[in-house]
Amino acid sequence: MTSAGDGAAGAEPGAGRRVGGRYRLVSRLGHGGMGTVWKAHDEVVDREVAVKEPRVPDHLPESVRHNVHQRMRQEARAAARVAHPSVVAVHDVVIEDGRPWIVMELVRGRSLADRLDGGTLDPREAARIGLAVLGALTAAHAAGVLHRDVKPDNILLGAEDRVVLTDFGIARIEGEQGLTETGGFVGSPEYVAPERALGQHPGPASDLWSLGVVLYAAVEGMSPFRRTNAQATMQAILSAEPPRPTRGPEAFTGLLTRLLSKDPAARPAAAGIREVLDSLTRPAPLPVPPAPGNRWVPPVLHRNRKAQWSLGVGLVVVGAAVALVAINPFGYGPATPLHWKVRDEPEIVRASITVPEDYVKSIDTDKRIVSFKDPGGVYTISLTRREEDPKDKEKQVGSAREEASKLKARFEKGEESSVNDARSAVSSAKPVQGHEAADVTTVYRKSFADAEDPKGFRHTRVIVNKARNGAWLVEVAMPEKGKARAQGEKLFDEVLRYVKLQG
């Protein structure tokens, strides 16, 4: 590994040692099966680097030590052959005390494994990381190198959204003699393709299988083949069908399913993988500017006087409609954001809500809920209308804080969403269209028991209509942490800005 997580310089055995006459060791960054990675300073060109020191227990025979040293030389050759921004750069190999020390670029960041310890990724972020790793693997395969150990620990997330594939320690270079794998299988079992588990000759499809397992674990929160021990894990890889992934659009979940096909020939090629991942990360297209000419008349009508006259009549009608909107209880107020759409729901929730135009709508008439789901599976917007019987004193709504407190209690009991271990917080909020309001934020510590769209965090604005003894709940479900959480909060603010309530 080459991530920079600085230790206490000078406090560790070996710190301060100069390797190769120029690389002064500063602090340990981590260690793997064949060595320790140091943060070091290149005193010749005055830059920080990562240095991988080969380490073999003293009790092992000389043949094993030789094999480890040979494998590190092969790691350096393999990484050096691949020129790609998502592959860690090898600067130098120094022979010190008869051992090869690999000098690499220092990637400041943390591993994908560390990131996943804090929760799953949304499909868009997983696709972005997957595209970078796919680029690294494509470059490696073109150079005749198989990585053979693609896993979250070997994917580094650096500054400015850089993604780096590292640790070519068990890579195989086409045309070179394979090293003896003493002690049995080499690699992380749950990310190993079936053909490798069977001892067959691997190819590029084997690395793509591993990428599929990484993406699956990143969005679903679990590895599809992990079992209690290595033998059971290998058996699952060979015979078990993984549960179909549920987070993300059909194109993405279908891609993961095909990547995990037992037959290497049935897995998609790199070009097909790239197309799907790229479509998930691609931003919405910008509006096309009008062609030169009369800005009030589309270019196709410039020479058609009859069509222009009809267009003029249409504009008058539209103008009248715009005037009517001013006195409509669902008046839209600020201009609708680009690629958003106003959805009027007077029958179900007595309100209108503005959401991104590609969100998929669903309605629960009985519960008076209108929901809109992000096609990427990251966010869900919902608007709920509650009306109480004014004759029932126990059900009358007193204030937004009281309604929010009731909601909190229901969340904690699991009554609202069949969720265990939910933690909610209530705070006051500014009135919405003259109605009293409060915020409820709820964190779910366990996955949903019954819901189809699990989220780790929900932000709810409870808006109370005292005159009608009812309330609206505007809610956005989102991931609990990271950029997706920040974007979800922005989405929540935008939805609230454009919501229009009636009654």
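**Ground rules.** I'm working from a predicted model, where local features need pLDDT of at least 70, side-chain atom pairs count only at pLDDT 80 or more, and totals for chains, interfaces and linings use all residues. Numbering runs from 1 along each chain as its sequence is written, and side-chain values use heavy atoms, with hydrogens and water left out.

**β20.** I looked up residues 470-478, strand β20 (strands are DSSP E runs of at least two residues, helices H or I runs of at least four, numbered from the N terminus). Nine of its nine residues are buried, meaning under 20% relative accessible area with a 1.4 Å probe, protein chains only. Gly470, Trp472, Val474, Val476 and Met478 point one way, and Ala471, Leu473, Glu475 and Ala477 the other.

Next I checked its neighbours (strands pair if DSSP finds at least two bridges between them). β16 runs antiparallel to β20 with eight bridges, and Ile381 partners Val476. β19 is also antiparallel to β20, with nine bridges; there Arg461 partners Val474.

**α11.** I then went to residues 482-498, helix α11. Its buried residues include Glu489, Phe492 and Tyr498.

**Largest pocket.** α11 took me to the largest pocket, where it gives the most to the lining, with six residues. α3, β9 and α8 each supply at least two as well. Of the 42 lining residues, the closest to the centre are Asp122, Arg124, Leu280, Tyr379 and Gln487. (A pocket is an open set of points on a 1 Å grid over the protein atoms alone, where a 1.4 Å probe fits, with protein on both sides within 12 Å along at least five of seven lines; lining residues have an atom within 4 Å of a point.)

Note on methods. Buried < 20%, exposed > 50% of the residue type's maximum accessible area, 1.4 Å probe, protein only. Expected span 1.5 Å × (residues − 1).
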